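Open the model in your viewer and keep the selection panel at hand.

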Amino acid sequence: MTAVVNVLLPIFGLILAGYVCRRTGCLGETAASELNRFVVWLCLPALLFTATATASLDAIWHPGFIAVVCIGTLFVFVITVLYRWRGERHLADASIDGLSASYANTGYIGIPLCVLVLGDEGLEPALVATLIVVCVLFSMAIVCVEVGLQNEGSVYHAVRKVLVALVKNPLVVSPILGAGWAASGLALPEAASRFLDMLGAATTPCALVSLGAFLAHRERGRAQGAAGLVGIKLIVHPLLVWVLASYVFQLPALWAKAALLLSALPTGTGPFMLAEYYRREASVVASSVLLSTVGSVVTLSLCLYWLG
């Protein structure tokens with residue numbers, strides 16, 4: 001448990017810093033929104049571009065592990081979206097809820113935790129899972145949100161508006177450009193690499209401070225439904241992935257353990273950034289990030305005990 005706490009404690013610290021700074025007036029009323037815009041338009045695109053531009057096919061091509069993570073994660077996302085949408089929730093909000101239930105914090109927590117528990121060999125599955133979460137899952141959620149926001153009567157016009165919106169979205173364009181760069185076989189110039197690394201490194205701290213600032217002034221009682229999303233993320237998601245990894249695809253022990261740990265992680269800041277970017281109600285997702293991070297201290301410790 002000490003190892004888990006040491007990995008999670010900086011997250012609480014950054015959220016608390018944003019909360020305290022907003023409550024004391026060090027950050028203004030629009031701080032949460034403006035910080036989030038900075039992350040969405042500059043930091044996260046730089047991170048996504050670098051991740052895809054520097055990825056090698058040999059390092060990420062592990063079909064069984066990719067199948068386990070994709071099937072488990074996308075199944076949880078789709079089922080949650082359908083359930084919340086059926087419950088008279090707007091498709092855009094239901095899509096963000098689905099992301100909250102399936103978007104694991106693989107980058108900031110998963111990578112150091114896998115290396116800590118599994119050794120250097122744990123880095124590879126953590127990187128593969130990170131690419132799946134931040135590129136595949138995130139892009140799918142953006143498409144669902146854009147579809148939900150359209151009110152065109154014509155299918156042609158609706159599809160056209162969705163495609164135009166996706167082309168203008170930095171979170172969709174940046175990984176595509178990165179993949180194109182990787183396919184070219186060219187190395188990133190050192191100056192460009194440093195620039196992108198500096199921006200990308202600011203993604204997590206800025207997003208967490210923004211989350212804390214948002215929590216400081218959100219209305220109480222507006223986060224109904226967060227507990228259910230947290231339960232899906234911390235219990236249903238890892239159980240499903242463990243069954244797929246151990247009994248369906250029968251992954252090697254290290255990859256199966258990594259799949260369990262990475263699926264048991266708390267919700268990352270991606271859903272909160274998406275809710276703020278599209279000006280949707282963010283109370284549910286903000287509470288999901290906070291509560292799942294707190295709850296993961298217990299669930300991750302149980303996973304480590306189970307894995308021996």
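How many cavities of 30 Å³ or more does a search of the whole structure find? Two. A cavity here is a set of points on a 1 Å grid over the protein atoms alone where a 1.4 Å probe fits but cannot get out; lining residues have an atom within 4 Å of a point. Points are joined across faces, edges and corners, and volume is the space filled by probe spheres set on them.

The model is predicted: local features need pLDDT of at least 70, side-chain atom pairs count only at pLDDT 80 or more, and totals for chains, interfaces and linings use all residues. Residues are numbered from 1 along each chain as its sequence is written, and side-chain values use heavy atoms, without hydrogens and water.

**Largest cavity.** Select Phe65, Val69, Thr73, Ala104, Thr106, Ala129, Val133, His237, Val241, Ala259, Leu262 and Ser263. They line about 70 Å³ of space. Now colour α4 (63-86), α7 (123-149), α12 (226-248) and α13 (253-263): each supplies at least two lining residues. Helices are DSSP runs (H or I, at least four residues), numbered from the N terminus.

**Second largest cavity.** About 30 Å³ lies here. Select its lining, including Ile11, Asn105, Leu208, Pro266 and Thr293.

**Helix pair.** Show α4 and α12. They pack at about 145°, axes 9 Å apart. Axes are lines fitted to C-alpha atoms over the stretch in contact, and angles run from 0 to 180 degrees between N-to-C directions. In the contact (heavy atoms within 4.5 Å), select among others Thr73 and Phe75 of α4, with His237 and Val241 of α12.

Note on methods. On a 1 Å grid over the protein atoms alone, a cavity is a set of points where a 1.4 Å probe fits but cannot get out, and a pocket is an open set with protein on both sides within 12 Å along at least five of seven lines; lining residues have an atom within 4 Å of a point.
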